[in-house]
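Work through the exercises below on aromatic rings. Try each task before reading its solution.

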Amino acid sequence: MTNEKVMASVAFKTRSGMSLFDDFDKFSFNKLDDFRPKSNSQENLIDILKQEGFEIESQTDVGVSFSGPRELFETSFRTKVDKREATFQAPGRARQKILFNEAINHNLLNDKVSPYAEAIKLAIPGIPFHDSTHPTPTPPYYFIETINDVPRLLNADTVHAAGYTGNGVRISMVDTGIITRVRENHTSTDSTHVDTDHTVRHVYGVWLSSDPTHLGTNYFTGGSFSDNIITLGSELPSGSTSVEIVYSCLHPHYLSNSYTFDDIRAVGGLDVNRDEYGHGTAEAANILGVAPGATLSFVKYSNGAWLNFPLAGFQAAVQHQTPDIITCSWGTGSYDNLLHLEIVSAVSNGITVIFSAGNGHTDNPGSWYPKVVSTPDLISVGGAYPIDGGGFRASNYSSSFDSFMFTNPQRHCPDVVGLVGETPRGVLIMLPTEPGNSMDVDLSSSAFPSGDNTGSNDGWCACSGTSASAPQTAGVAALLLEKYPNLTPNAIKNILQNSAFDIQTGSTNSAGPDTAADGWDAATGFGLVDADAAVNYLNATQFNCYIRDSILDNGTEPVTASRLYTSPDIIVRNEPVLNPQDELGMTVKYRHDLSDEAEDGQDNYVYLRIQNRGTVTGDCTATVYFTDPGMFANPASWTNIGQVTVEDLEPGEFKVVGPIVWSDADITSTGHFCLISILDSASDPAPDLTTITSDTDFVNMVRNKNNVAWKNIRINDIIPGGSSNHSFYIEGPSGSGHQADLHIDVSSLPAGSSIMVKTVKRLIDSASLSNLSITNESSLYSTLNHLGGTAIIDDMNIKSNEKSKVTVYYSVPEGTPDGDYPIVSTLYIDGANVGRYTTVVRVSHFAFIGNRNSRELHRKGCSWIDRMSAYNKIPFGDIDRGHKQGFDNCAFCIGDSKR
């Protein structure tokens, strides 16, 4: 092809009339049908484009890409098309120039296409996220290989031993190419034939070895090839002549391991027979190291320079390769709504889509960096570094971030992580590539750790980045699909998350940075993909519905997670949720903070999140009870709020059900309350509540049965350095005066926290104090300094039916790790335990911070947040929650202020 060929894609008018550009915030997996093209519009527009002389490059259910000469675009759409240059930069790297076509009229339309298309968009460039001969180089530093080390570290070797290698699963990779162009010197077998070292896929030419500049006769012209034998078009000077052969083949790494390839293609006239940049040839080895029996298809979307068509490449994979999985290790030069639509459509058609989370990149549309593709329905993969000698930590080369594009609900990347090196260049995995290509030369130009200590023309490079972790995850997904071929993409995502290995140390790139911690964390999501745990996650031949007791609960019986009273899957809302699966489903599976405080004086609405850990689709009922925390031992006294039927819960599925109306009449106006949800099905029956006769019986039931969950908490969200408070009531029973003892346990709070307790002075006057000191008194109230650990207020004289308020104030220091820190207050009346009041202090770098004083809502990282007092900082998990509480966007960091 020539550089004058231009690629464009169609944004069709939708059947609902909504715009993919103006109504983008309304788009989701569950509203895909509203954004599909009108009936017959694709066929009509394709006919028009062909008549105009354009070539149709790819077509899917929702989009079309087409190409043609620059002059044809300018004539058909009456616009000027120019070459443009944009500069992007990844953290710690030199700026990268990207060339692309740009039209003066950005939404190319004319009278013929406008009845069908909302816009015609010229191709948005893609940018890879990485950061010849055998044997593999062995440089003098710690590195890993794809054949043995990658599967071992991801626990795929045990899956291979059990007979699962990805056989029958089709994976498409969209990248810079996988065919390697090589040069070899040989002596001809006779005057018309030469042999090559590898199976030939394309021949560029055969020249005399004495003609290194190839100015003389190309003896291949008019010839042919089969396997590794080339038949020449012109005879050589003799039957034994020294020649140089330039031809294309699969890299020796792939040939020597007998991998299965199918349908290697290119879009936009790109040279399918080479990988000029080297990225695709290298990163594909990660797939086949993990799933060596899978069938790999490949679409070349870029030559690593200015010919660059990622959307058309993705569409071609969907259209031509019938993939089970598509993996992409790149971002885009600007945000591409059409690509987002294609991804959601692919997932709806049963294709699991995996993208790299970036190496210091985000999806911030205002950033100089390439944009991460963060569509909520895809699997976003970050990085964990395998420590030499054992263990893992979050990779400081990999991205973690709250999405700038998907904020309602707030999307976080990554979902899980694979194996990635560390700064400055992510030099970790020895990967095959085309000799002398851009990556081979670039990485050889410096010594480790800024380079890889390999030759500039040896066909190997040591690299990684999240470009490696995404195809590794595709390999694990292939192993899972081989065993369970009917799993949906969302079930695969859910299983990979539920079975991931927890990463608890290390921090990510400066795009966060986020620090790994126990359980889900912003740095590594649910953790490192674990092939063995994923393949063996589902319970065979049964339906096993469950609801989580905590974020760490993956359905194991008995549950291994602590804090059984913190179910994230019992969600209370003051108003009905319009699209529960969107707002409360997979995108925010990791979040606890989705409940409203129950409002007295109105009905409230309870939603449940249910999963199936079995391999059989089934139905169940979910019943929700309300009770006082002192009544766990007496289920007969629980109030039945209501019941909902869960139908057709598929293997591995994560489903939101409800609402169950929690009527105003059943909601207490004050005090502490608990919700209990119990699932029941024929194959997974609910426990017998008549056997519960003590608090211990109740706790054991929750711990040992994954179809029971308990929400006995109030959660207060604060940021590191922030402060908050909570209140509860202590109440004396009827009858003569009583003795009350209150234990307040703050031992879980981080060191350096400040805790104060305020209550009625009369109670303190009659009490003895342990681990508390009085700091302030008025005629009515006493304020106490809590000295840490468990503080005790003993021998309070509480009157019959007296109700007194206790308030606990707390602040945590700057630098407090993200996590949940429970404060547990236990009340004893006349020596008997009558209730426990648990508040979880959730410390997190929340995506948005509201200013209590100015009522402005700021994005995490906004410079105005540093100027706010701790008291004024109110965290929000997503932008909509802030808006609902009356906060307006900061004009500086978010924009679109309504003031």
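A charge sits over a ring if NZ of Lys or CZ of Arg is within 6 Å of the ring centre and within 35 degrees of the ring normal. The model is predicted.

**Exercise 1.** Which residue lies over the face of Phe-21, and at what distance from the ring centre?

Solution. Lys-121 lies over the face of Phe-21. The distance from the ring centre is 5.3 Å.

**Exercise 2.** Classify the pair of Phe-54 and Phe-77.

Solution. Begin with the count: there are 24 aromatic pairs. In the pair of Phe-54 and Phe-77, the centres are 5.9 Å apart and the planes make 35°. Stacked needs under 30 degrees and edge-to-face over 60, so this pair is tilted. Next, place the residues. Phe-54 is in the loop between α1 and β2, and Phe-77 is in helix α2. They are 23 residues apart.

**Exercise 3.** Are Phe-54 and Phe-77 buried or exposed?

Solution. Buried means under 20% relative accessible area. Phe-54 has 5%, so Phe-54 is buried. Phe-77 has 3%, so Phe-77 is buried.

**Exercise 4.** Why is the pair of Tyr-625 and Trp-638 edge-to-face?

Solution. The ring centres of Tyr-625 and Trp-638 lie 5.5 Å apart. Their planes are at 65°, so the pair is edge-to-face. Tyr-625 belongs to strand β31, and Trp-638 to the loop between β31 and β32. Relative accessibility is 16% for Tyr-625, which counts as buried. Trp-638 is buried at 7%.

Terms used:
Residues are numbered from 1 along each chain as its sequence is written. This is a predicted model: local features need pLDDT of at least 70, side-chain atom pairs count only at pLDDT 80 or more; totals for chains, interfaces and linings use all residues. Side-chain values use heavy atoms; hydrogens and water are left out. Rings of Phe, Tyr and Trp (its six-membered ring) pair if their centres lie within 6.5 Å; planes under 30 degrees apart count as stacked, over 60 as edge-to-face and the rest as tilted. Helices (H or I, at least four residues) and strands (E, at least two) are DSSP runs, numbered from the N terminus. Buried means under 20% relative accessible area, exposed over 50%, partly exposed in between (1.4 Å probe, protein chains only).
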